[in-house]
Amino acid sequence: MNPNVKRNMVQVRLNDAEMKQFETVKLSLSEKTNAATLRELIRLAPLTEEQSQTQVKHLLKEYDDLDAKISALMWDSSNVTKNLNEIAHAANIAKNNDPTNEDTWNWIIQQLQQAFPTIQQLNQLCNETKSYLKKGLDEIGSA
């Protein structure tokens, strides 16, 4: 007997809310039929086991860490952009109004020197985030 022959049938009655929820699940799974959706749900059932739940919790923690790093990157890059715009504005004013004003140029140099460590930290965070993402993708690919 061929084990792939579909000779067993499951029927279920759903109220309107349950049917709407089922249709949402079917759409999220990109399935075209109710039968295909049920088969996919059966195939995904092992994800509800304790080991899988532990893995999901670990992934959520990792996501939170990644989210924090990306938020820090965005905040820092916003501040660096603002500071560099202020420095560029001061340089333009100095160039146009008094290009020989030593105090202004010293201030501009000082501000740039203060910005460089933050830019280096941003580069480091970007590299760490890229490595983290690559590692995660490699793990997914090898799973």
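## Basis of the description

The model is predicted, so local features need pLDDT of at least 70 and side-chain atom pairs count only at pLDDT 80 or more, while totals for chains, interfaces and linings use all residues. Residues are numbered from 1 along each chain as its sequence is written, and side-chain values use heavy atoms, with hydrogens and water left out.

Helices (H or I, at least four residues) and strands (E, at least two) are DSSP runs, numbered from the N terminus. Contact means heavy atoms within 4.5 Å. A residue is buried under 20% relative accessible area, exposed over 50%, and partly exposed in between (1.4 Å probe, protein chains only).

## How α1 meets α2

Helix α1 covers residues 16–28, and helix α2 covers residues 34–44. Their axes come within 10 Å and cross at roughly 75°. Axes here are lines fitted to C-alpha atoms, for helices over the stretch in contact, and angles run from 0 to 180 degrees between N-to-C directions.

On the α1 side, Met19, Phe22, Glu23, Val25 and Lys26 meet Asn34, Thr37, Leu38 and Leu41 of α2. The residues of this contact divide into five nonpolar, two polar and two charged. Ala, Val, Leu, Ile, Met, Phe, Trp, Tyr, Cys and Pro count as nonpolar, Asp, Glu, Lys and Arg as charged, and the others, Gly among them, as polar.

## Thr37 and Lys26

Thr37 is part of helix α2. This residue counts as buried because its relative accessibility is 0%. Leaving out residues up to four places away in sequence, Thr37 touches Phe22, Val25, Lys26, Leu29 and Glu31.

Lys26 belongs to helix α1. With a relative accessible area of 12%, Lys26 is buried as well. Beyond its neighbours within four places in sequence, Lys26 is in contact with Glu31, Lys32, Thr33, Asn34 and Thr37.

## The loop between the two helices

Ser30 sits in the loop between α1 and α2. At 62% relative accessibility, Ser30 counts as exposed. Its phi is near 60°, a positive value in a residue other than glycine. Most residues other than glycine have a negative phi.

Glu31 is found in the loop between α1 and α2 too. Its relative accessibility is 24%, so Glu31 counts as partly exposed. Not counting residues up to four places away in sequence, Glu31 touches Lys26, Ala36, Thr37 and Glu40.

## The second largest pocket

The second largest pocket holds about 330 Å³ of space. A pocket is found on a 1 Å grid over the protein atoms alone: a cavity is a set of points where a 1.4 Å probe fits but cannot get out, whereas a pocket is an open set with protein on both sides within 12 Å along at least five of seven lines, and lining residues have an atom within 4 Å of a point. Grid points are joined across faces, edges and corners, and a volume is the space filled by probe spheres set on the points.

The lining consists of Lys6, Asn8, Met9, Val10, Gln11, Ala35, Leu38, Arg39 and Ile42. By class, five of these residues are nonpolar, two are polar and two are charged.

## Separations along the chain and in space

Arg7 lies in the segment before α1 and is exposed at 55% relative accessibility. From Arg7 to Glu102 there are 95 residues in sequence and 89 Å in space, C-alpha to C-alpha. Glu31 and Tyr132 are 101 residues apart in sequence and 32 Å apart in space, again C-alpha to C-alpha.

Helix α4 runs over residues 102–142 and includes Asp103, which is exposed with a relative accessible area of 63%. Asp103 and Ala35 are 68 residues apart in sequence, and 77 Å separates them in space, C-alpha to C-alpha. Asn123 is in helix α4 and is partly exposed, with a relative accessible area of 45%. The C-alpha atoms of Asn123 and Lys32 are separated by 45 Å, with the two residues 91 residues apart along the chain.
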